[in-house]
Amino acid sequence: MPKRETHGLGYERVDDDPNVSVLLGTMDATGRWDATIRLRAWEREQLGLTAGRRLLDVGCGLGDAALLLAADLGSEGEIVGIDASAEMVAGARARAHLAPCGVRFTVGDALALTESEGSFDVVRSERTLQWLTDPEAAAAEMVRMLKPGGLLSLIDTDWSTFSLDVGDSELSQQVREAMRIERRRPSNIGRRLGELATSLGLELIGHTSATQHWTSWNPDETPAPDGCFSMSSLAENLVDAGQLAADDQERFVSTVHAAAREGRFAMTLTMFAVVAADAARTRP
Ligand SMILES: C[S@@+](CC[C@H](N)C(=O)[O-])C[C@H]1O[C@@H](n2cnc3c(N)ncnc32)[C@H](O)[C@@H]1O
């Protein structure tokens, strides 16, 4: 696949993607988003981790979020990260030396966790549920891993909040309509995280959201806005959702690119976060 065709950004099967390095690099880019930094800081405060705790990160990617939390676990604590992608796990292992506690990154499936049941103080998962065929089953697996009274922390994107403004209201409307619909994956899981946690018998401790804003982009310098998909990939999405005729894809892309070059480019996306406790924590 030629380089200009990259930035479709599908994380269901990272290792099979011809542009795996783009997918990995995008994790670093999204980790630098203000919204991600804010949500991870909020999560850290909510969890209030102390030395000796065990944390499981499901769909850990390159492990950065888990490694940030590792700082609170002292030398007796432990982080376990699982991810379906061997490439992601290799990347995470290369960063593991940054943690003061024990760290184990391993290949695994969120839908069939093989760690010991009831052995973690915290189970977290970030921007992974949106890629799973059955996010409810994955969340139930996470809860199964919790010690009595343990905490579940979920962060996820809600693509129905995505907006693109290049000074063309019809185009903005097409994008909005296309992103509202979930097709083949739970792309709008972000706003359902609280409901998901309570449906599993957990008590909601906190919830928040953060919106990422892109105010400019030069399509001649980077193939896609920072950490995002390309406009050709977005156009394919619109066609798939019945919002754009296949013949209009090129026109869509060139309209957005031309507007961006002229300084008319604004995009937003909201991510949600919840922390919920196993019922044992709230028992009198
Ligand atoms: C968008 S990335 C997020 C990575 C990381 N949590 C972060 O926020 O930086 C989604 C991750 O989910 C992983 N993933 C997808 N399906 C999975 C599955 N069934 N089990 C475990 N991990 C999975 C992908 O390999 C990828 O690393």
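Me: What volume does the second largest pocket have?
Reply: This is a predicted model, where local features need pLDDT of at least 70, side-chain atom pairs count only at pLDDT 80 or more, and totals for chains, interfaces and linings use all residues. Residues are numbered from 1 along each chain as its sequence is written, and side-chain values use heavy atoms, with hydrogens and water left out. A pocket is an open set of points on a 1 Å grid over the protein atoms alone, where a 1.4 Å probe fits, with protein on both sides within 12 Å along at least five of seven lines. Its volume is the space filled by probe spheres set on the points, and for the second largest pocket that is about 280 Å³.

Me: Which residues that line the second largest pocket are the closest to its centre?
Reply: Lining residues have an atom within 4 Å of a point. There are 18 of them here. The closest to the centre are T222, A224, P225, D226 and G227.

Me: What share of the area that the ligand exposes alone does the protein bury?
Reply: Polar contacts are pairs of N or O atoms within 3.5 Å. A ligand nitrogen is 2.7 Å from a polar backbone atom of G59, and a backbone N or O atom of E126 lies 2.8 Å from a ligand nitrogen. Accessible areas come from the Shrake-Rupley method with a 1.4 Å probe. Taken alone the ligand exposes 590 Å², and the buried share is 94%.

Definitions and conventions: A polar contact is a pair of N or O atoms within 3.5 Å; within protein, one must be able to donate a hydrogen and the other to accept it, and residues adjacent in sequence count only if both atoms are side-chain atoms.
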